[in-house]
Amino acid sequence: MIGVGAAGAAVGATTAETSPVGADAFGRAPSPNRQGWRTLELGHLDPAAERPFWVALAQVPGVGPVGFARLLHRYGSARAAWAAGAELLAELPRVTGEATTALRRLRREGPSAVLARVERATRLAGGEVLTVLDAAYPRSLSEIDPRPPVLFVAGSRDAFDAPGVAVVGTRRATGYGRACAADLGDELARAGVTVISGLALGIDGEAHAAAVAAGGRSIGVLPSPLDRIYPPRHRELARRMLACGGALVSELATGQSIGRPDFARRNRIIAGLARAVVVVEAPDRSGALLTAAAAVDYGRDLHAVPGPIDAVASSGCNRLIADHLASLVTSPAALLHAIGASAGRRPVSVASLSEAEGLVLGGLLRRSGSIEEMIGRTGLRTGVLASALTLLEARGLVDNYGGATFHPTLAARRIGTVPDRAR
Amino acid sequence: MGDRHLHRSISRHGRLRVEVLPVLAETLSASILGVDGVPVRVEVDVAFGLPALTIVGLAGSQVQEARERVRSALRNSGFEVPARRITVNLAPADLPKDGTGYDLAIAVGILAASGQLPRHDRLSVTALVGELALDGALRPVAGTMALAAAVRDAGVPEMIVPGASVGEAATAGVRAYGAATLGQAIRHLAGVEMMVAGAAALPASLPQGAAGPDLAEVDGQQVARRALEIAVAGHHNLALCGPPGIGKTLLLRCAAGLLPPLEDDEAVAVSRIYSVAGLLDRRAPLVRARPFRAPHHTISTQALVGGGPRVRPGEASLGHRGVLMLDETLQFRADALDALREPLESGSVTIARVEGALSLPARFTLLAAFNPCPCGWRGSHGRACTCEDAAARRYMARLSGPLRDRIDLWVTMAEPERRTAGSASRSRHPEASPVVAARVAAAWRRQLDRQGRANAELPAPQFDERHGFAAPLLELLTRRGRRFGLSPRRMHRTARVARTVADLEGESTVNALHLDEALRYRAAALP
């Protein structure tokens with residue numbers, strides 16, 4: 001669990017140092033990188049012959065998406081790079097002793113044995129191995145730079161063909177953020193849009209869960225290997241996502257350990273897979289801002305849900321909007337319109353509420369609030385208000401997400417009219 | 001051995017004087033075990049041999065020092081310490097004894113055994129308790145009320161205690177005589193100069209203690225106020241969770257001014273505990289105000305639940321029939337918090353000793369207040385929490401599951417948001433403590449009239465029509481419990497809270513609204 005916080009800190013630091021969001025504010029087109037993937041010619045490579053070398057090379061620590069492109073530039077193919085032996089490490093920006101040892105071990109094992117081993121382990125975890133050269137490699141990812149050379153994918157392949165929108169945000173979500181994430185996840189799923197996120201606690205989890213609950217497709221990009229769902233608390237959610245025709249994506253082979261950079265790389269894959277990215281709630285130093293920066297890099301549409309200007313949890317979102325990097329999400333319907341999707345059908349639901357309950361729910365639908373605020377707004381006694389909220393909660397119409405503020409749930413929003421005898 | 005019974009001395013007139021000497025004497029005293037008294041017989045034997053004063057019978061160091069105090073006090077009161085081999089046995093000999101209360105009984109025993117106290121008939125009907133000063137003055141000892149109760153239960157009608165303790169002893173139901181000095185006690189026992197029995201402390205006439213701040217000082221926080229009222233009225237455990245500086249502590253301190261006075265039987269039980277702890281006001285030895293204890297979070301486990309080589313009641317017992325307020329609950333030592341599980345469930349603390357287990361009463365209402373994370377700002381609107389997720393989770397986990405399960409009312413407090421500051425909830429005049437205290441007192445009266453105990457102590461089998469629980473309501477409780485994932489214990493606790501809500505509304509039957517309100521204050525899930 002410590003890893004989460006540490007990764008969060010690292011992500012924040014990266015954002016602060018390089019500040020890609022600010023730096024790219026006037027030039028969305030990524031700077032041409034002669035060593036990058038865009039300038040590579042890969043059409044002549046034979047996917048089947050290259051496959052063992054791609055998978056084996058990707059197993060070497062330090063050979064990431066950037067390093068892999070450099071090797072291809074230098075040697076022309078993975079097979080040629082592999083033949084160069086330990087020399088290839090000289091091409092990489094940072095080489096550790098660990099990389100040297102690992103490369104020696106992998107070479108002793110042989111590329112085809114490595115491929116067989118990795119494929120077997122991935123199959124056991126319910127997934128398959130895809131390289132950039134494979135036809136099944138997600139098309140949206142084959143446009144981005146840097147590009148993960150090898151991906152581990154579980155679930156439905158055509159999940160990647162349908163248009164997808166990434167819904168991301170902080171792990172320390174407030175009730176407001178959670179309610180918004182659930183609302184967006186639900187609307188997108190019912191409109192037939194794939195919801196893409198990082199399966200993290202907080203916003204990510206809410207968006208996935210809402211999409212799955214609406215019977216929609218959802219792609220989770222893991223910071224961990226497929227056989228070790230992270231965070232473990234979302235194992236059941238991941239299972240349901242697969243059952244709903246969704247997919248799980250990881251850059252790590254089974255058995256590899258998770259490090260800090262994996263969280264950052266995960267965020268770039270999320271942006272790469274999506275057609276548009278929505279940041280629901282993010283404080284100033286949030287990993288979600290890294291996804292936003294990647295979205296800008298890759299030329300994806302960026303949207304952000306605004307928060308009150310004094311809300312710490314929304315300061316990152318507000319800044320994206322203020323810097324004209326993200327467009328402001330006024331409602332789920334407006335977002336659907338912006339990405340060119342049309343709203344799905346609303347399931348019909350009927351609720352019979354008492355006068356006090358109607359008053360309370362009506363008030364919350366206009367604006368979420370704590371019991372304290374609702375006392376002022378409805379004029380009801382504390383006890384009456386408290387019991388009305390419990391009844392509404394028992395019916396699944398409001399939720400406080402463990403905090404003091406109550407929010408109407410999706411089910412409540414679907415109720416067409418609420419008896420409003422307040423005014 | 002035949003001449004052992006004869007005391008030979010040369011009279012002033014040069015004649016050999018021989019008198020019969022009662023070599024063995026027995027006086028009555030009492031010892032403290034936990035918060036109860038145990039009668040103790042003090043046997044004194046004066047025999048020929050090298051002059052010595054030996055005290056046996058598992059006597060601790062304080063009792064051993066009685067030798068020096070008794071010697072000096074006897075001499076300075078004009079008596080003589082016989083230059084013999086004096087053996088003092090404190091029976092039952094297997095009960096460990098400590099304290100200074102045996103001094104008087106030992107001194108009187110020595111006088112009786114050495115023939116300096118001509119009449120012994122009162123010794124069998126009078127218990128003796130008191131510490132001796134070197135000049136023969138009597139000093140009060142802790143626990144006199146419990147000692148007197150034990151003496152009364154053992155069928156001993158009279159008791160001589162230090163003058164200051166006479167009210168305390170008389171309250172326990174013995175004929176108590178307050179003696180200022182050893183000499184005065186001896187004159188009474190010898191029938192030379194009888195003392196007048198002291199009067200028991202009068203119930204009810206005593207003023208309340210410091211009642212804490214007034215609720216009128218608390219701005220807003222309607223939910224927490226309401227939960228506090230329910231907690232105090234039905235003796236339910238309350239937890240307030242929220243960022244620093246929003247008035248958690250102030251609110252909990254207000255509880256002191258809302259508590260109804262102790263009932264008569266409660267007052268006696270509480271006073272005994274305070275007597276043993278040496279905290280009783282001797283001028284007003286019957287505690288009438290419901291205890292309000294607020295130990296600091298650095299307190300040791302022993303000081304919190306009681307114990308130690310000489311078992312002393314801890315804060316949990318001092319809060320018996322009252323309130324134990326733990327401000328910054330999560331800063332308390334983990335083992336100290338853990339030790340509260342037992343009293344929270346059973347209303348007593350069991351202290352295991354080599355000699356056997358000891359039970360101290362500790363049925364308190366727990367009022368807890370804590371921040372949601374180490375820095376305090378987690379989930380707060382306007383300030384960023386600087387804690388690692390794992391650290392925050394570990395922090396909340398300090399409140400262990402079993403302890404969390406025993407919290408009946410849980411309120412997550414938030415600072416008022418900017419847009420509501422100064423709006424309706426604030427401009428209302430907050431109710432003052434006396435108004436709330438009157439509602440609490442009425443609800444308390446209803447509980448006593450109906451079941452003779454607090455709602456929090458209502459056993460689950462009594463959730464029936466007679467106690468205002470109709471079958472449909474219990475069905476609703478089961479339904480809600482399933483919906484919110486509550487354990488049977490939590491459901492029972494919720495039902496008790498609902499009973500109190502109904503009592504505060506003055507209703508004899510618990511309805512769905514009461515139940516739903518009670519459910520509103522259920523514990524939040526771990527983050």
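Modeller: A salt bridge is a side-chain nitrogen of Lys or Arg within 4 Å of a carboxyl oxygen of Asp or Glu. This is a predicted model, in which local features need pLDDT of at least 70, side-chain atom pairs count only at pLDDT 80 or more, and totals for chains, interfaces and linings use all residues, while side-chain values rest on heavy atoms, without hydrogens and water. Residues are numbered from 1 along each chain as its sequence is written, and chains are lettered from A and ligands numbered from 1 in the order of writing.

Colleague: Which residue of chain B meets E345(B) in a salt bridge at 3.9 Å, N to O?

Modeller: E345(B) belongs to helix α13 (residues 341–346) of chain B, and its partner is in helix α19, 144 residues apart from it; helices are DSSP runs of H or I of at least four residues, strands runs of E of at least two, numbered from the N terminus. At 42% relative accessibility, E345(B) is partly exposed, a class between buried (under 20%) and exposed (over 50%), found with a 1.4 Å probe on protein chains only. The partner of E345(B) is R489(B).

Colleague: Which residues does the network of salt bridges that share partners join?

Modeller: R489(B) is partly exposed at 32% relative accessibility. Through shared partners, the salt bridges place R489(B) in one network with E345(B), D405(B), R406(B), D408(B), R490(B) and R493(B).

Colleague: How many salt bridges does the rule find across the interface of chain B and chain A?

Modeller: The structure holds 52 salt bridges over all chains. Across the interface of chain B and chain A, the count is five.

Colleague: Which element gives the largest share of the side of chain B that touches chain A?

Modeller: In contact (heavy atoms within 4.5 Å) are 37 residues of chain B and 39 residues of chain A. Across this interface the rule finds five salt bridges. The elements of chain B that give two or more residues to its side include α7 (222–234), α14 (389–397) and α18 (471–484). The largest share, five residues, comes from α20(B).

Colleague: What distance separates the centres of domain 1 and domain 3 of chain A?

Modeller: Chain A is divided into domain 1 (37–155), domain 2 (157–339) and domain 3 (355–422), with bounds from an automatic or database domain assignment. Taken over C-alpha atoms, the centres of domain 1 and domain 3 of chain A are separated by 54 Å.

Colleague: Is S250(A) buried or exposed?

Modeller: S250(A) sits in strand β6 (residues 247–250) of chain A. Leaving aside neighbours within four places in sequence, S250(A) is in contact with L151(A), F152(A), L222(A), S224(A), P225(A) and L226(A). Its relative accessible area is 1%, so S250(A) counts as buried.
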